[in-house]
Amino acid sequence: MLTTLATLAGLALAQQTDTTVPVRAGARLEVNNFGGEIAVKTWSKTAVRVTASHSSRDRIIVDASEQVVRVKSESRRGPSQVVDYEITVPAAMALALSGVYTDITVDGSQGEITAETVQGTVKVSGGVGNVSLKSVQGDVTLEKARGRIDLSSVNETIKASEISGDISAETVNGDISLVQVESSNAEATTVNGDVLYDGTIKDGGRYRFSTHDGDLRVSVPEKSNVSVSVSTFDGDFSACFPVQLVGLKTKHRFTLTIGSGSARLELESFNGDIRLCRPGQLAKDKDWRAKSKDWDKNKDHDQDHDQDQEEE
Amino acid sequence: MSDRWTDRLSEYLDDELGAADVAALEAHLPSCADCQATLEQLRRVVARAEALDDRPPTTDLWPAIARHVGVVSLDARRARRRLSFTVPQLAAAAVALTLLSAGSAWLLLRRPAGAPPSQSTTTPSPILTNVGTYEANPRYAAAVADLERVLAQGRSRLDTATVRVIEKNLGIIDRAIRDAQSALAADPANSYLNLHLAQEMRRKLELLRQAAALAGART
């Protein structure tokens, strides 16, 4: 994706900047980088260290106040083009990272994170509180975060694992995978892609997963209390465990209640299939894996599956 | 799929049926899968409408919406939720909320520096139509056209790869909208299809708004 920029960067990144500034607790880091990379890692010091690889024509500016540390670049001849930042911050520091042709990575954060790019990936490990990750043309990947989590892409996939809290994930043309999730409020929606949710279903929780052209695979732990509504237009439903259907309007729209039904789980796929399994089963689900492989190969959904209710 | 009770399920949910009708309907429900399913769908629509309250728009648009739908106040609505509309009307209302929110956001984006924020983008007009025909609604069409025009104007500022991706994804959403509209033509009362169409229309506005914002930035 960034091949051209990377090639140019290799030729142009001729200078290193290395600056360390002290910060107070509660200060926020803001970085805007038009093209290149923003890589943030953490340490135990109350200071921010900024190292940057950039053109000799560019100047890196680190503007530190009590509340905010702002990092940006300036060029003597127009705007800076490509800068690779490696920034080390206190773990709890809030991060606001943005760019255009920019890959963003964060490792080990225990603070709030906002990361937005247009043509680049966002990959984050950590994050507490509001965690908002967005890209237009890049994968969005998150692990080990907790709080209010908002993940968005347009043309690529979203993957999250070992996360907890309120979760929202949305893309247009890509798959969404949420695994090892602990949440009482989760939503994932795409237009052209599959959705996988492997996590908790908590009493009183709300869960909604939808796609237009793709399949849904959702785990329902044993002893869950959940009312499941299933809606498709041209897809089928199946489960890895026995389920009792009620209010069967057509084979494409019905509800089923597990336990007391206190949680609400909405599953909607216009053109794809919907499958319920137990946590951890989805990855081992041979029938579905074979189907997914076919789907990946052909990008053409097999819609002849009959509703099956297999024994666990 | 309709029987004599289908059109009265919303009254039932609102506790507006007389005691005799309630008893008759509750006696009828166990033997009528259609009514059970429709009732469940209505409950889902209400639940989803309730969820909209969790993310209020930047500008308080509710008073104008309330005038349209004849509700006195948000507090009053919360105190006793009324379900006096058909499923397609509720889905259309969901789109209207998004449209108003998107329109407001766009106006705020366009607002010259120093100018006061706009209070409301609403003008009195019927908004509760079947969502299946909503794309033809002048206000939705105008909002889409506005954003498309801004996008066209800023196109030269966008990277060609970004333009291609945006156009490709708008095409994907348009295809989903057409699919939903075709399906709705055959089953206009299908609440899932109404909500699905509303969702895709909202998504189109959101992507256009995002693209227009990008076109206004340095990309």
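This is a predicted model: local features need pLDDT of at least 70, side-chain atom pairs count only at pLDDT 80 or more; totals for chains, interfaces and linings use all residues.

Colleague: Which pattern does chain B follow along the sequence?

Modeller: The pattern is α-α-α-α-α-α-α-α-α, as chain B has nine helices and zero strands.

Colleague: How do H8(B) and H9(B) run relative to each other, and why is that term used?

Modeller: Helix H8 (residues 160-186) and helix H9 (residues 191-216) of chain B pack at an angle of about 160 degrees. Angles over 145 degrees count as roughly antiparallel, and H8(B) and H9(B) are therefore described in that way. Their axes are 9 Å apart, and the crossing is left-handed.

Colleague: Which residues make the contact?

Modeller: Among them are Ile166(B), Leu170(B), Ile173(B) and Ile177(B) of H8(B), together with Leu193(B), Leu197(B), Met201(B) and Leu207(B) of H9(B). By class, the contact has 14 nonpolar, five polar and three charged residues.

Colleague: How many residues are in contact between chain A and chain B?

Modeller: There, 25 residues of chain A are in contact with 26 residues of chain B. Strands S17 (226-232), S19 (245-250), S20 (253-258) and S21 (263-269) of chain A each supply at least two residues of the side that touches chain B. That side of chain A has 10 nonpolar, 10 polar and five charged residues.

Terms used
Residues are numbered from 1 along each chain as its sequence is written. Chains are lettered from A and ligands numbered from 1 in the order in which they are written. Axes are lines fitted to C-alpha atoms, for helices over the stretch in contact, and angles run from 0 to 180 degrees between N-to-C directions. Helices (H or I, at least four residues) and strands (E, at least two) are DSSP runs, numbered from the N terminus. Angles under 35 degrees count as roughly parallel, over 145 as roughly antiparallel, 65 to 115 as roughly perpendicular and the rest as oblique. A crossing is left-handed if the near helix is turned anticlockwise from the far one by less than a right angle, and right-handed if clockwise. Two residues are in contact if their C-beta atoms, placed from the backbone, lie within 7 Å. Ala, Val, Leu, Ile, Met, Phe, Trp, Tyr, Cys and Pro count as nonpolar, Asp, Glu, Lys and Arg as charged, and the others, Gly among them, as polar.
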